Amino acid sequence: MQAAERQSRAVMDRRPPLAALFLLTLALAFATAFSGPAQAQEKSRYARCLELAESAREFAFNEARLWREEDGDDWRADHCGGLALLLLDRPAEAAPWLAEARIGAGRAGEAPELRGTLAALEGQAWSLAGEEEKALEAQDEAIFLDPGKAEYYVDRAFSRSAQEDFWEALDDLNRAHELAPDAADVLALRASLYRRLEVPELALENAEEALTLSPNLPEGLLERALAEGALGNLDAARADLETLLRQAPDSPAAAQARRFLEQLN
C-alpha cells in the first residue's frame, strides 16, 4: 500500500463540478428587489441570461457581451458573461468578468450575501485557472462578506492546499465542519488532508464519520481504504476499494481506487 500511497500525495483534488456552480448562482437572479417596469425588464433579462448560461452557453455569453456594450455599469451582465464562460470551461476568461460583477455589485450597494456569492464564484474561476493567489483574495472576500457559508471555507481550503498551506487548509475544513456538521463530503476532504499530513488515525476517523453520514460516498470509501492501508490493515483497505468499484465504477474516486487496488494485488 505504501507505493499506492506515494501516488496519492496530491490532496483535495476533487473540486466541485461546474454544474454545481450554476445551481449556486441561479438564485442570484431573484436575490435583488426590483420596482418599476424598467427594473422588472432588467430582472427578466438577467434571469433569462442566467438560464441560457446553462442551456446555450455561447449564446448567453454573446447576450452578456451585448448587454455590457449597452450598459457597461451593470454587474448582472458581467455575472452572466462570467458564468457562461465558466460553464464553457474557460475559467481564465471567466474570472475577470466575475471580478467585475463583484466590484459592480458593491458599487450598486447590493447585499453582502449576494456579493459574497459572486466573490466565491470568482474564486472558483481563478482556482480552476490555476491562479491560486487571486483565488485566495476572492475567497477571503467571500468569507468576509458572508462568514456563515461552509462551502466558502471548503473552496479556500482547496486553494490553501494547492499552495501546500495544509494546516491553514485544515483550519478552513474544521470551520466548514462546524457550520455543516452533517456534510459527509467535508469529512472526506478532511480525511484526505489528514492523510497528507501523515496522521492516518485521524484520516480513518474522519472517513468513518463520513461513511456513517453517507455510507456509499465514493470519496469516503477511498479515504478509508487509504487510511486502512497506511495503518497496515490491507484486507480492510482492499474490501473498501472493491466496494467502491462495485458501487460507483464511473466516479472520479474509482480511477484512484483502481490504481491503489493494483498495488495491493
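This is a predicted model: local features need pLDDT of at least 70, side-chain atom pairs count only at pLDDT 80 or more; totals for chains, interfaces and linings use all residues.
Local features here need pLDDT of at least 70, side-chain atom pairs count only at pLDDT 80 or more, and totals for chains, interfaces and linings use all residues. Residues are numbered from 1 along each chain as its sequence is written, and side-chain values use heavy atoms, with hydrogens and water left out.

The protein chain has 15 helices and 0 strands (DSSP runs, H or I of at least four residues for helices and E of at least two for strands, numbered from the N terminus). Of its 265 residues, 51% are buried, meaning under 20% relative accessible area with a 1.4 Å probe, protein chains only.

Now for the helix pairs. Axes are lines fitted to C-alpha atoms over the stretch in contact, and angles run from 0 to 180 degrees between N-to-C directions.

| Pair | Angle | Axis distance |
|---|---|---|
| α9 (residues 150-162) and α10 | about 165 degrees | 8 Å |
| α10 (residues 166-179) and α11 (residues 184-196) | roughly 160 degrees | within 10 Å |

That makes α9 roughly antiparallel to α10 (an angle over 145 degrees). Contact means heavy atoms within 4.5 Å, and residues of α9 including Y153 and R156 meet α10 residues, among them E168 and D172. This contact has 9 nonpolar, 1 polar and 5 charged residues (Ala, Val, Leu, Ile, Met, Phe, Trp, Tyr, Cys and Pro count as nonpolar, Asp, Glu, Lys and Arg as charged, the others, Gly among them, as polar).

On to the other pair: α10 and α11 are likewise roughly antiparallel to each other. Their contact involves F166, L170 and H177, among others, from α10, and residues including L187, L193 and Y194 from α11. By class, it splits into 10 nonpolar, 2 polar and 2 charged.

Conventions: Angles under 35 degrees count as roughly parallel, over 145 as roughly antiparallel, 65 to 115 as roughly perpendicular and the rest as oblique. Buried means under 20% relative accessible area, exposed over 50%, partly exposed in between (1.4 Å probe, protein chains only).
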